[in-house]
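This briefing goes from the overall fold down to single residues. Please keep the structure open while reading.

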Amino acid sequence: MAYKDSVHRATARTQTKITGNVSVKTGASNGIVTDLSAEGICFQLYFDINARTGQEVTIRSEELGCLTGMVRWYRGDKIGIKLNLSSNTAAQISAYYKFFK
């Protein structure tokens, strides 16, 4: 069984190729949102920004607008971001699915 098949997710994820920028206290990098859910994002970085678990993050993209969250994990050039859940975040993600997907 593949790893992805054995992981139970709280919300469904959608594969994406949204370009954007992520910034933390230690730096910022352009990159790609490789998957998106109502609660989180997997962001592939172009440059290492020394992101660490627990750091506050700001994500900016044309399709999603400005979102905030917290680094949940980092592996190589990818970081997992748990979004700060609010009605604004939900509306921005919903708008992405409505207009861009």
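Two strands count as paired if DSSP finds at least two bridges between them. In this predicted model, six strands close into a barrel in the order 1-2-3-6-5-4, with antiparallel pairing. On average, neighbouring strands of this sheet are turned by 45 degrees against each other, direction ignored. The chain has two helices and six strands.

**Overall layout**

- Read from the N terminus, the elements run α-β-β-β-β-β-β-α.
- The chain has 101 residues, and 36% of them count as buried.
- Take the contacts between residues at least 6 apart in sequence: 44% of these join residues at least 24 apart.

- Strand 4 and strand 5 (residues 65-75) pair in the antiparallel sense over six bridges.
- One of the pairs is Ser61 with Gly65, the latter being its bridge partner in strand 5.
- Helix 2 (residues 87-99) packs on the sheet. Helix 2 touches strand 1 (14-24), strand 2, strand 5 and strand 6 (78-83). The direction of helix 2 makes about 95 degrees with that of strand 5.
- Strand 4 and strand 5 form a hairpin, with three residues between them.
- Strand 5 and strand 6 also run antiparallel, joined by six bridges.
- Val71 has its bridge partner in strand 6, namely Ile81.
- The hairpin of strand 5 and strand 6 has two residues between the strands. In this hairpin, Gly76 takes a positive phi near 60 degrees.

**Aromatic rings and charges**

- How many aromatic pairs does a search of the whole structure find? The search finds one.
- That pair is Tyr96 with Tyr97, at 5.4 Å centre to centre and 65 degrees between the planes. The arrangement is edge-to-face, because planes over 60 degrees apart fall in that class.
- The two tyrosines fall in separate burial classes, by the numbers that follow. Tyr96 has a relative accessible area of 5%, so it is buried. Tyr97 has 28% and is therefore partly exposed.
- The ring of Tyr74 has the charged end of Arg52 over it, 4.7 Å from the ring centre.
- Trp73 has Arg75 over its face, at 4.2 Å from the ring centre.

**Ser29, a residue in strand 2**

- Ser29 lies in strand 2, which spans residues 27-36.
- Is Ser29 buried or exposed? Its relative accessibility is 2%, so Ser29 counts as buried.
- The side chain of Ser29 reaches the backbone nitrogen of Phe47 at 3.0 Å.
- Beyond its neighbours within four places in sequence, Ser29 is in contact with several residues, among them Gly20, Asn21 and Val22. Phe43, Leu45 and Ile49 are also in contact with Ser29.

- Where is Asn50 found? Asn50 is in the loop between strand 3 (40-45) and strand 4 (56-61).
- Most residues other than glycine have a negative phi.
- Asn50 has a positive phi of about 55 degrees, although it is not a glycine.
- Asn50 is partly exposed, because its relative accessible area of 40% lies between the 20% and 50% limits.

**Ala12, a loop residue**

- Ala12 sits in the loop between helix 1 (3-6) and strand 1.
- Ala12 counts as exposed because its relative accessibility is 68%, and exposed means over 50%.
- Which residues is Ala12 in contact with, leaving aside its neighbours within four places in sequence? They are Leu36 and Ser37.
- Ala12 and Glu39 are 27 residues apart in sequence. In space they are 9.3 Å apart, C-alpha to C-alpha.

Technical notes: Residues are numbered from 1 along each chain as its sequence is written. This is a predicted model: local features need pLDDT of at least 70, side-chain atom pairs count only at pLDDT 80 or more; totals for chains, interfaces and linings use all residues. Side-chain values use heavy atoms; hydrogens and water are left out. Rings of Phe, Tyr and Trp (its six-membered ring) pair if their centres lie within 6.5 Å; planes under 30 degrees apart count as stacked, over 60 as edge-to-face and the rest as tilted. Buried means under 20% relative accessible area, exposed over 50%, partly exposed in between (1.4 Å probe, protein chains only). A charge sits over a ring if NZ of Lys or CZ of Arg is within 6 Å of the ring centre and within 35 degrees of the ring normal. Helices (H or I, at least four residues) and strands (E, at least two) are DSSP runs, numbered from the N terminus. A polar contact is a pair of N or O atoms within 3.5 Å; within protein, one must be able to donate a hydrogen and the other to accept it, and residues adjacent in sequence count only if both atoms are side-chain atoms. Contact means heavy atoms within 4.5 Å. Axes are lines fitted to C-alpha atoms, for helices over the stretch in contact, and angles run from 0 to 180 degrees between N-to-C directions.
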